Amino acid sequence: MYELFSNLGSWLTSGTQWSGSDGIAHRLAEHLQYSLLATLIATAIGLPLGLLIGHTGRGAFLAINLASFGRALPTVGLVVLVFLASGLSMTPVYVSLVALAVPAIVTNTYAGMTAVDPDVKDAARGQGMRGHQVLLHVELPLALPLIMTGLRLALIQVVATATIAAYVSFGGLGRYVFDGLAQRDLVQVLGGAVLVAAVAVVLDLGLAGLQRFLFRHRTA
Amino acid sequence: MIQFDAVHKRFPNGTTAVHDLTLDMPEGGVTVLVGSSGCGKTTTLRMINRMVEPTSGTIRVGGRDVTRQDAADLRRSIGYVIQQSGLFPHRTVLDNIATVPLLLGHGRRRARARAAELLDTVGLTAEAGRRYPHQLSGGQQQRVGVARALAADPPVLLMDEPFGAVDPVVRTQLQDELLRLQKELSKTIVFVTHDIDEAVRLGDQIAIFRTGGHLVQCATPSELLARPADDFVADFLGAERGLKLLSLKTLADVPQGPAPEGGAWTLVLDEARKPLHWASKDAEIPVRPLKDDDSLLAALNECVASPGGLIARVDAAGVLTGVSSRDDIHTHAGQAHTDARARTGAAA
């Protein structure tokens, strides 16, 4: 056991392991690129959808059930399915990651919108704001803490799941996990897993800190 | 001037909120809509700025049918204050007040300058302007709500139970300030409340509603108190409505004479001739001197409490001008009732 951890330690800290096209630095950059791009696409889909449902109150059924749908979706299954349909490219990976992230974003955005005090919305309309002004100047800023929580949640899920890129022969930190498994190299598997976990934790803490800073004037 | 002409409001669930309402709210005056919950007073108010659309009938503000105007433009020209203040929690107090000027495209600098001016108008410090709404007390939040409604200087102000959620002491302060502001600004105000005392204090005219959205009586406070239209109105005004009428009359016309010398009780003054207390051989009783603009009700209260049945009258500086007797006050109280009945009798 001790030997395993000491091997893991030297694997993680060796200079040669960090450099080169299959080094940790490069794989990390790939992993972040997949994750951020997928979350960005998911935001572009999920945020307007959640805002629209929250603002109009129509389609609440969709927003609520999307959450359980997202949890039940088998990501690897989806990758294989899209891979079979579209052939070998990054498309199956992005489709799966986006499908994973959208529900968290829609559900949290919707939850944030419904939590806005109806008196405040009423006052906004009563002061003469038009529908889009109420949305942009009142509902969106007030829902923002919960919207950001949704984005954070989505990003963490995506970072943890982006290892599947390696499953269909692409890069990212999943490379170490899948290669390690194939080569029966436990240290490499463990190294990849630890790196993915570390990236997720660092991003989560960073975003939580950012949220606290941005919303320091808000009450609970 | 706001005119309701045969206005009817029925909600999709079938309840009638306002039933065939025809009512004029005069320009520059305070019209109070009063009644128990579910009587349609708030719906009536909200139809004026189209927060609720009437089912039939017409509502005119300044002669123009409200349904023929763009709803958002209409609302920007009408001040609106609601019970829980409805302030935007993510904006500073100053930016809350600047809302409507910004919507009207006045530019940030000008809107903020106007907002700063209004902080002062409603009795808040410049420091309060930099805070967020949740950092203020309930009473201060309501002041901000009023300032926000006044920011674009609208001729009409709608107030939906604006002082309903603050404690009685603060409520009285806010009412006093509204009366003071109204003296300067002469807005056409529509004010909704379920508190009849508030209605009597603030209203130039009071419209009483009954469940089902029926307007029962619309009259000046003294007409209403002297001649309630039916038992419902009389019950709503309460058993003390005779005394409430006295709260509308001032002491100014009640005669006063010199303070008595050598009786059982003497009025003790300080060097500036300001009343200190009533004194007999072995007791002192506090005195609450009254000014000319204090009400007959306050005078009645004071003469019941004072040992000789006399009230001490002072000028604006608090210097004694004379005393009035219980008989003088009673005579004027009776006269106030006779006058109010005679006036409304003649009108009817």
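Start with helix 4 of chain A and go to Leu66(A): the helix bends there by about 30°, the bend being the angle between axes fitted to the seven residues ending at a residue and the seven starting there. Helices here (H or I, at least four residues) and strands (E, at least two) are DSSP runs, numbered from the N terminus. This is a predicted model, in which local features need pLDDT of at least 70, side-chain atom pairs count only at pLDDT 80 or more, and totals for chains, interfaces and linings use all residues. Residues are numbered from 1 along each chain as its sequence is written, while chains are lettered from A and ligands numbered from 1 in the order in which they are written.

Now select residues 60–72 of chain A, the whole of helix 4. Its 13 residues reach 19 Å from first C-alpha to last, close to the expected 18 Å (1.5 Å times one less than the number of residues).

Show the contact residues (C-beta atoms, placed from the backbone, within 7 Å): on helix 4 of chain A they include Leu66(A) and Phe69(A), and on helix 6 of chain A they include Leu100(A) and Tyr110(A).

Over to chain B: pick strand 3, residues 30–34. All 5 of its 5 residues are buried, so the strand is largely enclosed by the rest of the structure; buried means 20 or more other C-beta atoms within 10 Å of the residue's own, with C-beta atoms placed from the backbone. Val30(B), Val32(B) and Val34(B) cover one side, and Thr31(B) and Leu33(B) the other.

Next, bring up the neighbours of strand 3 of chain B. Strand 8 of chain B (residues 188–193) runs parallel to it, joined by 5 bridges, and Thr31(B) has Val190(B) as its bridge partner. Strand 9 of chain B (residues 205–210) is also parallel, with 4 bridges, and here Val32(B) stands opposite Ile206(B). Strands count as paired if DSSP finds at least two bridges between them.

Notes: A residue is buried if 20 or more other C-beta atoms lie within 10 Å of its own, exposed if 12 or fewer, and partly exposed in between; C-beta atoms are placed from the backbone. Two residues are in contact if their C-beta atoms, placed from the backbone, lie within 7 Å.
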